[in-house]
Amino acid sequence: QISWTPLLVLGYLFYLLLGATVFQLLEKQAETHFRDQFQLEKLKFLQNYTCLDRQALEQFVQVLMEAWEKGVNPEGNSTNPSNWDFSNSFFFAGTVVTTIGYGNLSPSTVAGQIFCVFYALFGVPLNLAFLNQLGKGLNAHLITLERWVQKPGRAQVQLAIFLTTGTLLFLVFPPLVFSYVEGWSYGEGFYFTFITLSTIGFGDYVVGTNPNKHYIPVYRSLTAIWIVFGLAWLALVFNVGADLMEKFLQLKWHKPDLGLAEGATIKLEDEPEQPRIHIPS
């Protein structure tokens, strides 16, 4: 037997190194350009408004940064909708228990921060249990996701239907809605969709935050519900991918004795498979 665990660890580290290299090549130059452009704009501002000095401008920029960190959009005026009305609060509660955490909004009061800690402490396990049951329900009506690899035929067709339907409902059509409502390009909407449903949640794109647009009151609440069902579907897809990767590595690197393999086959046939669903946080 050849253990594939060290190779998996090396492959995992290599994948991280590859990602770091590619992101650096793609983003560093653009960041330098934006930073230089921003400094140039500050110089132009000081030249146009000679009554201000650099220190006063830096203080104002600091005020803007603090406002943004507190969830206040510097654009617009004081008549902007509240970030903490019921619809937005419902959306925020969903980002807490699903561990998305966009980062564009967070509690600013001590009481709110303490409540958020305990709310997440009980809410995250509750969310995982809910998604687990939802995933089992989807799985029961479709296929046992681990069995289709070994038994070709109708199960593969069911899996293809499951993947195609979920892709359309959760990854293809939602960006069209977000592009129309938010004014994003389709690529930006698709990027937001995947980053959200995978619980990465950078916070660079968040729905319902443009002060120049008028949103219906239930817009963010409906988005939160879409996120929950999308999380369950994408978690199943990730589980299938993880199982396939494990099976490939075991098939690739494990060379068990033929007698053991036959015994294992008999054991698998004698014992019925049970669905195994793991919902990542």
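This dialogue covers the helices of a predicted model.

Biologist: Which conventions apply here?

Modeller: The model is predicted, so local features need pLDDT of at least 70 and side-chain atom pairs pLDDT 80 or more, while totals for chains, interfaces and linings use all residues. Numbering starts from 1 along each chain as its sequence is written, and side-chain values use heavy atoms, leaving out hydrogens and water.

Biologist: How many helices and strands does the chain have?

Modeller: Helices (H or I, at least four residues) and strands (E, at least two) are DSSP runs, numbered from the N terminus. The chain has eight helices and zero strands.

Biologist: What describes two packed helices?

Modeller: The angle between their axes and the distance between the axes. Axes are lines fitted to C-alpha atoms, for helices over the stretch in contact, and angles run from 0 to 180 degrees between N-to-C directions. Here the axes of α1 (residues 5–48) and α2 (residues 54–69) come within 11 Å and cross at roughly 125°. That makes α1 oblique to α2; angles under 35 degrees count as roughly parallel, over 145 as roughly antiparallel, 65 to 115 as roughly perpendicular and the rest as oblique.

Biologist: Which residues make the contact?

Modeller: Contact means heavy atoms within 4.5 Å. Lys42, Leu43, Phe45 and Leu46 of α1 meet Arg54, Leu57 and Glu58 of α2.

Biologist: Which residues of α3 are buried?

Modeller: Buried means under 20% relative accessible area (1.4 Å probe, protein chains only). In α3 the buried residues are Ser87, Asn88, Phe91, Phe92, Ala93, Thr95, Val96 and Val97. Across the chain, buried residues make up 28% of the 281 residues.

Terms used:
Buried means under 20% relative accessible area, exposed over 50%, partly exposed in between (1.4 Å probe, protein chains only).
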